Amino acid sequence: MAEEEPSVPVLLQEKAKEEEEERDMAAAPSSSSNCVKRSSSRPQLDVSGAAIQGNSEDRNPTILLPNQTDDISHFAVDLGGSLIKLVYFSRHGELPAGHGGSVVRRRKEMIERNRSSPILGGRLHFVKFETSKLSDCLDFIHSKNFHRGQNLNAWDCGESDTRNTIIKATGGGAYKFADVFKEKLGVTLDKEDEMDCLVAGANFLLKAIRHEAFTHLEGHKEFVQIDQIDLFPYLLCNVGSGVSMIKVDGDGQFQRVSGTNVGGGTFWGLGRLLTKCKSFDEILELSQGGDNRSVDMLVGDIYGGLDYSKIGLSASTIASSFGKVVTENKDLSDYRQEDLALSLLRMISYNIGQIAYLNALRYGLKRIFFGGFFIRGHAYTMDTISFAVKFWSKGAAQAMFLRHEGFLGALGAFMSYDKHGLADWTAHQFVERFPMGAPYAGGKVHGPPIRDLNEKISWMEKFVQKGIEITAPVPMAPPGTTGLGGFERPFSREGLLRPDSSAALNVGVLHLVPSLELFPLLADPKGYEPNTVDLGDPNELQYWFTILSDHSPDLVDKAVASEGGTDDAKRRGDAFARAFRAHLARLMEEPAAYGKLGLANLLELREECLREFHFSDAYKTIKQRENEASLAVLQDLLMELDSMDEEKRLLALIEGVLAANIFDWGSRACVELYHKGTIIEIYRMSRKKMQRPWRVDNFDTFKERMLGSGGEKPKPHKRALLFVDNSGADIVLGMLPLTRELLRRGTEVVLVANSLPALNDVTASELPNIVAEAAKHCDILRKAAEAGGLLVDAMVTDREESVQNVSSVPRLMVVENGCGSPCIDFRQVSSDLAAAANEADLVILEGMGRALHTNFNARFKCEALKLAMVKNQRLAEKIVNGNIYDCICRYEPAV
Ligand SMILES: Nc1ncnc2c1ncn2[C@@H]1O[C@H](COP(=O)(O)OP(=O)(O)OP(=O)(O)O)[C@@H](O)[C@H]1O
Ligand SMILES: CC(C)(CO)[C@@H](O)C(=O)NCCC(=O)O
Ligand SMILES: [Mn+2]
């Protein structure tokens, strides 16, 4: 079936089986009753009405899911000389489940809005087959029912009738195999020009996918973000069986300026003759243990061990690839296969790099992007090519690689379908995930999409059984193993590849979420970097790695408890722990493996990993308990606040937010604290410690903005966006009283909360209930919540009053932020939030994740207040030169 290749993305890359399992995982019952549509989550499998199709005695009967809306919309194929690449898109129609006041209502509106665009979102899957195994590919297409042109909806290009199904196809096989496709599947291949497709695919990836391009030099990988206006011209060098070199000047503007028949096919063809390798990846792996000196003739071999320094050649420079063989009277079997493989790989890679450089020189191009499956994410190949380009251009030209190297043509063909508007998507709308799919646990790829549901979850058992052998998606080789790619002898190391490396690429699953947008209030979107901690620094990485590893057992306990502590939950907890550990180990080995790595990514990865193992909300019990305890004392707190004058109250409110931010289950130090007292005791202790000046203390400026000075009353804010953090005291005793104060002053408040759970963070779907409870103690909150449509029930029973008040009362609303992480990346927020931001003139970021780990340095077009307690010693030292439990009150006027 589909060859071991995780797919690559546009939206997703992954294997057939992985996808089936994902669907299956999504079938786990959701425990949240108040469910908001989750824009960044993977599609949910709707198993309602499921029935076995055909004979139920079958071993693997197909299960029909009549209500499943995650359907296959389209696919395209690149039939190359060596490999067939297939790209298919699965769309997921999102329908709101449950209820929850205005959150859901707005959400519905958003979904309606999205309906007007051709697709709702989904994932692109990438699969490849060897061209010599065309029949596997045909079986795969058949098993997926693609040939029936089913469910095409907005992208319809044919009827559900096989005879009319038209498939976009590129590569030589679009001609060569057209009859086979017609005969075996009854479909017509609509031929798209190969070069057109390569260029379209490359341009799309370079524009729409963040961290797509990277340099790879001497084992060091670095992602490059290329400004769209600065993208053209460039040289695209596609290394397939043969090599095409294309000068690209713009979308659809290009010229194939050169090519070489010494390409990937040459390497693999000669490699097969010279070694006993049975697969391409095997020969790459073999080369890792090679020493080319026994095969290549070096300058020193010719010059009696001396350099030829006059023309800049050292003794170790390769003078002639395979040249040494001529001087020795040996048979093939006298040479080490490893040495032959390495020498061959170097020869081919170097030659391609050199020819590419010459063409770049010919047309004055500074950038060369290398694609094609010959690259295979292999460190030595990339280093060798980079070395050749750098050496010959004396550093003037740069070799760059694409994470989705082999799928350029297939992607281009896919994009050539009319109507889907793929080219209009932007980086904001893609979310990449790195699931621990079955392939990495030794699962086999299966054809039909949904078969025995029990079989689908068996891979999770494999996680448990395989124990420490679990590995995260891996590239062909870790960095730093290749030595100099060009003239010097590469140093070789043995045994660096994992046995499962054939299955892996450094690419994850790209989910397309059309409802994600850039936060419109970011002052400098291009210069924006959410992370304050760069994990490119090995010391930082080591530190956070340890923190996350140490925290893991406690997290697993909570997660297992949240699912009732059943045996199944324990197994999943165990599997999660192993999978997460494997991710961490993988990233320790190569921090750039999953793209540019910041702490926020790592924290999000953990949440995603929990979700992958069906833990929908690990802290739900804790959150409920803390909410209840806090709501019980809210009334007293509000009375106390009301007895104060304005100035004292404002300080007390900010102190309250900072003090209550101590409830953070993501902080090890805090979790230890929680064992020492009740929630209220800890809160009191925390408040008592509030000593000004805080570590960052702009309170006085903020106070002046709020209350004015010299008797002049400033204009209240029109609308404030409050990015809330934790459940319990944090939201109830910290942010809600602050909300109330803003409302009291006539400011409209939008509470912005996570779409999906992360640690003990409050989610958007939980907020309406919390607000409803709080509103029982407070008229201001109640009226505002009614006006904002948050208290739907109240609106029904108390319609008169709410209608009267709607115009005069500032509204309180809730909006989901589009993510499920303790941090926030303002380049990818929900369209609801983006819409709510339009009238906002104050942004309040609360908590360590959103205001310190990320966004401490972010600047906004409106006023911003960043409030957090630092609950980690290292972060305190690093960011504010302070100590654990220091507080931050950073107020910044509009930029
Ligand atoms: N599993 C594999 N089997 C065969 N070749 C592989 C494999 N993985 C990587 N390769 C390398 O990738 C090359 C094929 O790359 P690619 O799929 O980009 O080209 P193609 O489309 O098949 O060829 P062309 O464009 O010249 O028709 C092979 O020649 C080989 O060097
Ligand atoms: C023939 C194609 C375009 C097929 O993909 C490719 O294999 C290639 O560019 N070969 C190199 C032919 C040459 O230009 O010498
Ligand atoms: Mn090709």
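Strand 12 gives the largest share of the shell around ligand 2, three residues. A residue belongs to such a shell if one of its heavy atoms lies within 4 Å of the molecule, and strands (E, at least two residues) and helices (H or I, at least four) are DSSP runs, numbered from the N terminus. Around ligand 2 you'll find E194, M195, G242, V243, S244, R256, G259, T260 and N261. By class that makes two nonpolar, five polar and two charged residues; here Ala, Val, Leu, Ile, Met, Phe, Trp, Tyr, Cys and Pro count as nonpolar, Asp, Glu, Lys and Arg as charged, and the others, Gly among them, as polar.

Before going on, keep in mind that this is a predicted model: local features need pLDDT of at least 70, side-chain atom pairs count only at pLDDT 80 or more, and totals for chains, interfaces and linings use all residues. Residues are numbered from 1 along each chain as its sequence is written, chains are lettered from A and ligands numbered from 1 in the order in which they are written, and side-chain values use heavy atoms, with hydrogens and water left out.

Now for the polar contacts (pairs of N or O atoms within 3.5 Å). A polar side-chain atom of S244 sits 2.7 Å from an oxygen atom of ligand 2, while polar backbone atoms come in at 3.2 Å for V243 and 3.4 Å for G242. On its own, ligand 2 has 390 Å² of accessible area, and the protein covers 58% of that; such areas come from the Shrake-Rupley method with a 1.4 Å probe, and for residues only the protein chains shown count as cover. Helix 6 (194–208), strand 11 (243–250) and strand 12 (253–260) each give two or more residues to this shell.

Over to ligand 1. It is surrounded by 19 residues, the closest being G81, S82, K85, S241 and G264. The side chain of S241 puts an N or O atom 2.6 Å from an oxygen atom of ligand 1, and a polar backbone atom of G81 is 2.7 Å from a ligand 1 oxygen. G265 brings a backbone N or O atom to 3.0 Å.

Zooming out, the protein chain has 30 helices and 27 strands. Of its 895 residues, 60% are buried, meaning under 20% relative accessible area (1.4 Å probe, protein chains only).

Note on methods: Buried < 20%, exposed > 50% of the residue type's maximum accessible area, 1.4 Å probe, protein only. Polar contact = N/O pair within 3.5 Å; in protein donor to acceptor, adjacent residues only side chain to side chain.
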